[in-house]
Amino acid sequence: MRVIGTAGHVDHGKSTLIAALTGVHPDRLKEEKEREMTIDLGFGWLCLPDGQEIGIVDVPGHRDFIENMLAGIGGIDAVMLVIAADEGVMPQTREHLAIIDLLQVRAGVVVLTKIDLAADPAWLDLVETDVRTCLQDTVLADAPILRVSSHTKEGFPELTRNLSVLMQDLPARADLGRPRLPIDRVFSMPGFGTVVTGTLTNGTFSSGKEVTILPSGISGRIRGLQVHNRKVDNTSPGSRTALNISGVNMDQVLRGEVVTYPGQYQPTQRVDVHFRLLPDVSSPLHHHTQVKLFLGTAEIITNIRLLGAEVLNPGETAWLQLDLQQPIVAMRGDRFILRRPSPGETLGGGMVVDPQPKKRHKRFEPQVIRALERLAQGSPSDVLLQASLALGPSSVEDVIIRSQLDRPEAENILQEMVNGGSLVRLENVIMAAGQWTALKDSVLAKLAQYHQNYPLRRGMPREELKSRHKLSPQVFNLLVARMSQEGFLVERPGWIMLPGHIIGFSPKQQNLVNHLMSVFITNPFSPPSVKECQAEVGEDVFNALLELGDLIAVSQEVVFRKVDFDTMQARLHQFLREKGQVSLAEVRDLFSTSRKYAQALLEYLDSIGLTIRNGDVRKLRNA
């Protein structure tokens with residue numbers, strides 16, 4: 001499927017030409033018919049002599065409706081630049097041609113209409129010479145110029161033959177598996193509900209599938225599909241498509257929004273672009289100028305951030321970051337137009353380079369410009385690397401989506417980059433090698449600093465290390481697993497440390513520990529309380545003894561030496577095997593201790609699954 005658009009000055013016969021070619025007049029509004037002037041977009045289709053069907057978008061030519069023209073011209077494959085033979089090149093001819101050039105619509109024909117009103121061959125030759133001069137240095141410089149009359153249909157066979165050749169020479173529209181339908185018309189049909197139309201790109205739609213309308217996020221389901229007024233089950237990229245969407249009201253949908261499958265695109269309010277200012281604009285372009293952005297069928301007020309320059313003079317190019325007042329759906333490679341809101345003037349246009357910049361750029365950073373140049377001109381591997389750098393550690397899926405490359409190609413190149421060492425892959429998470437090195441160094445540095453700050457702790461709590469790096473649980477788990485596997489760190493339940501780290505006491509601390517242990521030895525089953533231990537050696541040293549396993553805390557108040565706890569547990573286990581059960585009083589008497597210690601011991605043994613309480617006695621859980 002191919003779509004061709006019209007362009008040209010008002011009253012040069014665009015709509016009449018389409019009506020003569022297709023048999024259906026594209027002007028559909030009552031006001032258009034009354035004024036005999038196209039105001040909004042019109043649509044039709046044509047079967048060419050070789051059997052090809054093409055969709056047609058007819059655009060208004062009056063300067064007051066140039067913004068409606070821009071909503072229809074963005075998704076076309078080729079253009080018919082229509083120029084009336086009795087008038088020749090006019091102001092909107094030049095503006096429409098500039099827009100076609102900025103959008104890089106490289107396929108097209110120039111149609112000299114109304115030749116029946118200018119029958120003098122010498123005059124037609126003069127007009128054609130003027131047209132050829134006007135086309136110089138544009139994408140249509142080599143386009144054929146065809147003379148036709150919509151009234152007599154003279155020249156129509158040659159026009160349709162040229163259109164056939166033009167369509168055959170066009171490359172196939174890419175199917176990226178991510179359909180995107182910029183909406184150019186919304187209406188409701190009795191018995192069917194909401195219908196939206198547009199030119200489909202980047203993928204296919206199928207009946208019955210759930211869709212999302214962005215940026216609003218409204219969800220619906222495809223109730224029916226039509227291409228050129230014919231019901232179909234599936235559509236192909238490049239076709240003029242009508243979607244009947246259930247679950248969505250007509251007043252919820254606007255021209256400029258995009259229909260896609262859920263999870264395929266992320267709206268953005270900031271885009272990085274390469275821009276060319278037209279040479280005949282009225283004034284230079286300054287930083288922080290407010291303009292209108294036209295992309296796809298959307299029209300958004302935006303603020304210009306000029307990168308690397310203070311001012312852009314007519315005819316010059318520059319890198320811009322556009323801050324949009326409303327979100328938009330964009331892809332790398334999308335063409336766009338900027339216009340001054342008042343007085344209305346087409347300023348220029350260019351290409352989206354990064355539709356999801358991670359941050360607001362500093363205006364005069366050379367590395368920012370270099371990164372944008374790589375994205376605009378680089379190889380697929382450069383684009384994937386920049387996508388990975390922009391996202392940080394992310395899923396392979398997210399990197400491919402951001403790169404906007406064909407999926408099979410992107411997956412192959414990613415694997416080559418992993419094999420070559422420029423990317424690091426942790427299962428389904430991928431990151432640039434430089435980011436991996438920086439992340440690994442950061443983890444090691446934070447662990448080393450933690451050991452230095454807390455030498456009496458075994459390691460850093462796992463959750464603390466994760467939160468300091470602001471990583472998702474998936475990425476953090478894969479990072480720790482890889483670093484542990486490679487011997488960079490040691491992971492234990494709940495904490496992480498560097499290999500070789502040991503808890504060591506200073507001579508003064510060791511003396512305090514020795515004195516505390518002597519108290520435990522004197523009273524092994526009635527030892528000092530937690531508070532008494534902390535008062536004796538300090539909280540950090542006490543916690544270190546717990547982490548080393550020298551002390552076992554059986555409650556918030558009671559702690560035993562590990563060797564004494566093991567003795568108590570073994571003797572109690574033997575007692576239960578012989579007697580079958582034990583009471584709190586029997587435990588107290590067995591160890592010549594107080595009720596407080598006996599109860600703390602039994603409740604701890606219950607908690608670790610050695611014993612189970614049955615009324616006033618305990619039994620072995622697995623007797």
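Figure 1. Residue C533 is buried, with a relative accessible area of 0%. C134 is likewise counted as buried, at a relative accessible area of 15%. Buried means under 20% relative accessible area, exposed means over 50%, and partly exposed lies in between (1.4 Å probe, protein chains only). A search of the whole structure finds zero disulfides, a disulfide being a pair of cysteine sulfur atoms within 2.5 Å. The model is predicted: local features need pLDDT of at least 70, side-chain atom pairs count only at pLDDT 80 or more, and totals for chains, interfaces and linings use all residues. Residues are numbered from 1 along each chain as its sequence is written, and side-chain values use heavy atoms, with hydrogens and water left out.

**Figure 2. Confidence across the model.** The mean pLDDT of the protein is 88, and 97% of its residues reach 70 or more; pLDDT is the predictor's confidence in each residue, from 0 to 100. Helices (H or I, at least four residues) and strands (E, at least two) are DSSP runs, numbered from the N terminus. Where pLDDT is low, the predicted coordinates should not be read in detail.

**Figure 3. The surroundings of H12.** H12 is found in the loop between β1 (2-7) and α1 (14-22). At 0% relative accessibility, H12 counts as buried. The side chains of H12 and E87 are joined by a polar contact of 2.8 Å. A polar contact is a pair of N or O atoms within 3.5 Å; within protein, one must be able to donate a hydrogen and the other to accept it, and residues adjacent in sequence count only if both atoms are side-chain atoms. Not counting residues up to four places away in sequence, H12 touches residues including V82, M90, T93 and K114, where contact means heavy atoms within 4.5 Å.

**Figure 4. Helix α19 and its cover.** Helix α19 (residues 595-607) has 13 residues and reaches 18 Å from its first C-alpha to its last, close to the 18 Å expected; the expected span is 1.5 Å times one less than the number of residues. Among the buried residues of α19 are Y597, L601 and D606. Their cover includes α17 (562-579) and β31 (611-614). After α19 comes G609, whose phi is positive, near 85°.

**Figure 5. An open sheet of three strands.** The strand order is β25-β27-β26, with antiparallel pairing. Two strands pair if DSSP finds at least two bridges between them. The edge strands, β25 (460-461) and β26 (490-492), each pair on one side only. E491 stands opposite I496 in β27.
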